[in-house]
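Please read the following account alongside the model. It goes from a strand pairing to the chain interface, then to salt bridges and backbone geometry.

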Amino acid sequence: MPHLYGKSDMLTKEQASDTFDRIRRFSSADEVEAIFTGSHFALTRFANNTIHQNVEEENSVISIRTNFAGRTARATTNQFDDESLRRAVEASENLARVQAPDPDLLPMPDAQEADGMTGGTPVAPLCRSFEQTAAITPADRAEVVKSIVSVAGTHKLTTAGIYSNSESEEGIFNSSGLANWHRQTLAEISITMLAEDSSGWQKANSPDVSKLDPKWLAETAAQKAVASAHPREIAPGKYTVILEPAAVLDIVGFMFWDFSGVAILDQRSFLNDRIGTRLFGENINICDDVAHPLQAGLPFDGEGMRRQRVQLVENGVVKRVVYARATAEKMKKSEYATTVGPIEPTGHGFPLPNEVGEMPMNIVFRASEA
Amino acid sequence: MGIRRVRRFGPRAVEAAAARAVEIAKASARVKQEDVRLAPEPAAVAEWTTPFKVDPFTTSVEQNLDLLLRVDAEMRAVSGVTLAETGMNFQREESWFLSSEGSDIHQTKYSTGAGYTAYAFAGSEIQKRSYPNSFGGQWQNRGYEQIEEMKLVENARRVAEEAVALHKSDQCPEGTSTIVLDGSQLGLQIHESIGHPIELDRVLGMEANFAGTSFLTIEKLGNLRYGSELVNVVADARQEHGPGLGTFAYDDEGVAAQATPIITNGRFTGYLSSRETAHTIGAARSGGTLRAEGWNRLPMIRMTNVSILPGEKPLSLEQLIGATDDGIYMETNKSWSIDDKRYNFQFGCEIAWEIKNGKRVRMLKNPSYSGITTEFWNSMDEICSRDEWTLWGTPNCGKGQPQQVVGTGHGASPARFRNIRVGSAYS
């Protein structure tokens, strides 16, 4: 079966490992880390019942972090020849050397620590790479768009949207022996149907394109546009509203930046002094779970720590937040240590250095069982 | 249209990318209503670099860290400050545009930005103050001289003290009021309620699935009273407008930078256009606004420097406040919200002062205002003059699928608006 670009030239874990060996030879730092990201991405965009943008991209990037006695910095390149790697290592080291020492910076984790063998319950490795998704061609996408336009025509509507597919890989290696690798595919369809004075929208994505049903998505968006035709104005005020899941996420999505240990320590979270209290309705249960079958994403974080399933809210009560390694260490020594619930690295840290620490990224609301 | 992007430059990789682009374009042609029509444009051969006095990349990291740490120390010296954030950003972007029509354009753009924020957490409330603007500070297409002129250290303590003082100030009242907006907030108001709705791709529905559409349907061109007689807005990418984030010599389809009158004495007179969209408004030539985030993105219509022109009669901010009997002066954006047609909006600011009989009489916290785009701009009855005009930079404008983030410029002076709904966000 042909790949996204006719022939796959995605980086393998073995090639990345060899590249990391070269990086280590070029570096004089106490510790070295490299994050590899690569993707083949294609997107067909349509509007006014016409394909008006159609793009494909192939790119691989390597980001190098070096540590010198509590000082760390990062440099990034998308060229993998020796000279480019040497330059990126040198840039990272030069930046690291002029930093003030960071007392919270930890040594890089080894494989045992990163895999959660020292505590917590890590999620199992995930299989999220599907050949059928990677093999979608521009002509395949055009045919799907044609079927969506056909639905629009049936309902006398105008449609706009996207159909994209990608295969990507991400890996992290460090000089403590850590070597994590993840490969996944993703297909996404997003459709807007426009009528004279109304519109409807529907979107779905999945690593497995066979899980997407373009016709159903198009019909659903069309039905929403038809059902909301001729809207009338209502006065501003307080109403009971029912929101579809995507609208709920739009409203609450930004809230999850605050379910972070650093946000608590920085006193910029709405959860300051509120963990353990009921802030939501009793029927609200929220967890972060990268392994949920409807989720996508990496099973490890920006330092390579394996991601854990974390119950954030239970029966409306905020139970805990997520942690990067250094945040957990700092929280344990802080004045909040006894009031914020369990404190341990949960595999939600961003690549270092960064100022925001961590956040949950695979939010799952559990339906009420009442 | 088909685009194929690769990071390798070898002849075989380039040939393969070109062949794939052709294949993609042919696939696009399977679902179309009419052919693409590009407005003619003469081939250009040019070399251009952002004018600057000091190349920011010749300054040392140590020097810049030292400056930021001095700002940090000033803010954290204020009792009640619980978090201080500072940042500095330099970018150099080199691009080559070559077309089968004969264009060969090499541009090197520099941009420089810096800013900081002091946060104060107390009780159950967080207050913050930023300088010289929120969300990354002030950005322009200039060199390091931008940093040297910003008086970063000199303003740090005042800003931090204001963040703490907000906790003791009164809540912005809810109701209808005269408001005076500082230039940075007016810049964002322009961005959201003028800059986005005049993007012709939005008007034509091309962004309907993501960024949204526009209330400015084409029959409104030349007919709509967008604002009061004092409202004069241009989209100007030329260097003579200033070193904005939307300043360049040529856009990313080889069209020379231009100045387009957008609102003239209150009347709606122009859109942001491209070669593909120009014919839809009867224009013979693109307005030169097509830009891409980088080598791996498709250029699309983006704001250049969409600026409101200053008032012609001399008027400072203090004179404007002095001439206001009863109102609220609001400074520095804290939040923004506007619908997908860019018609119904609400903004929050970091700080405000109540004005009584021409004087600031008390500080107000959590100020917000809301309105309808055309009603709002028609309520503007004063705007300060050139001395108060600043070309603000918005470095984080997102649009398109896949999403692209580019910088835009917005020149503005403080201005006054009558009968504005205030305080609803916190009521």
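**Strands, interface and salt bridges**

In chain A, strand 7 pairs with strand 10 (residues 363-366) in the antiparallel sense, over 4 bridges. Two strands count as paired if DSSP finds at least two bridges between them; helices (H or I, at least four residues) and strands (E, at least two) are DSSP runs, numbered from the N terminus. This is a predicted model, in which local features need pLDDT of at least 70 and side-chain atom pairs count only at pLDDT 80 or more, while totals for chains, interfaces and linings use all residues. Residues are numbered from 1 along each chain as its sequence is written, chains are lettered from A and ligands numbered from 1 in the order in which they are written, and side-chain values use heavy atoms, with hydrogens and water left out.

Buried here means under 20% relative accessible area, exposed means over 50%, and partly exposed is in between (1.4 Å probe, protein chains only).

Next comes the interface. Contact, defined as heavy atoms within 4.5 Å, involves 48 residues of chain A and 40 residues of chain B. The two chains bury about 3800 Å² between them, 51% of it on carbon and sulfur atoms; this is the accessible area (1.4 Å probe) that two parts lose on being put together, summed over both. Between chain A and chain B there are 14 residue pairs in polar contact, both residues at pLDDT 80 or more. A polar contact is a pair of N or O atoms within 3.5 Å; within protein, one must be able to donate a hydrogen and the other to accept it, and residues adjacent in sequence count only if both atoms are side-chain atoms.

On the side of chain A that touches chain B, the elements that give two or more residues are strand 1 (31-47), strand 2 (50-68), helix 5 (138-154), strand 4 (158-174) and strand 5 (179-194) of chain A. Strand 2 of chain A gives the most, with 11 residues. By class, this side of chain A has 20 nonpolar, 17 polar and 11 charged residues. Ala, Val, Leu, Ile, Met, Phe, Trp, Tyr, Cys and Pro count as nonpolar, Asp, Glu, Lys and Arg as charged, and the others, Gly among them, as polar.

Side chains of opposite charge can pair when their charged atoms come close. A salt bridge is a side-chain nitrogen of Lys or Arg within 4 Å of a carboxyl oxygen of Asp or Glu, and the whole structure has 51 of them over all chains. Between chain A and chain B the count is 4 salt bridges. One salt bridge joins B:Arg297 to A:Glu57, with the closest N and O atoms 2.8 Å apart.

Inside chain B, B:Glu162 forms a salt bridge with B:Arg129, at 2.8 Å between the closest N and O atoms. This pair links helix 4 (residues 152-165), which holds B:Glu162, to strand 5 (residues 125-131), which holds B:Arg129, across 33 residues. Both B:Glu162 and B:Arg129 are buried.

B:Lys313 and B:Glu382 meet in another salt bridge (2.9 Å, N to O). B:Lys313 lies in the loop between strand 14 (306-308) and helix 7 (317-322) of chain B and B:Glu382 in strand 19 (residues 380-383), so the pair ties together parts that are 69 residues apart in sequence. B:Lys313 is partly exposed at 46% relative accessibility, whereas B:Glu382 is buried at 17%.

Finally, the backbone. Most residues other than glycine have a negative phi, and most peptide bonds are trans. A cis peptide bond joins A:Leu352 and A:Pro353, with omega about -10 degrees. B:Phe135 has a positive phi, near 55 degrees, and is partly exposed, with a relative accessible area of 38%.
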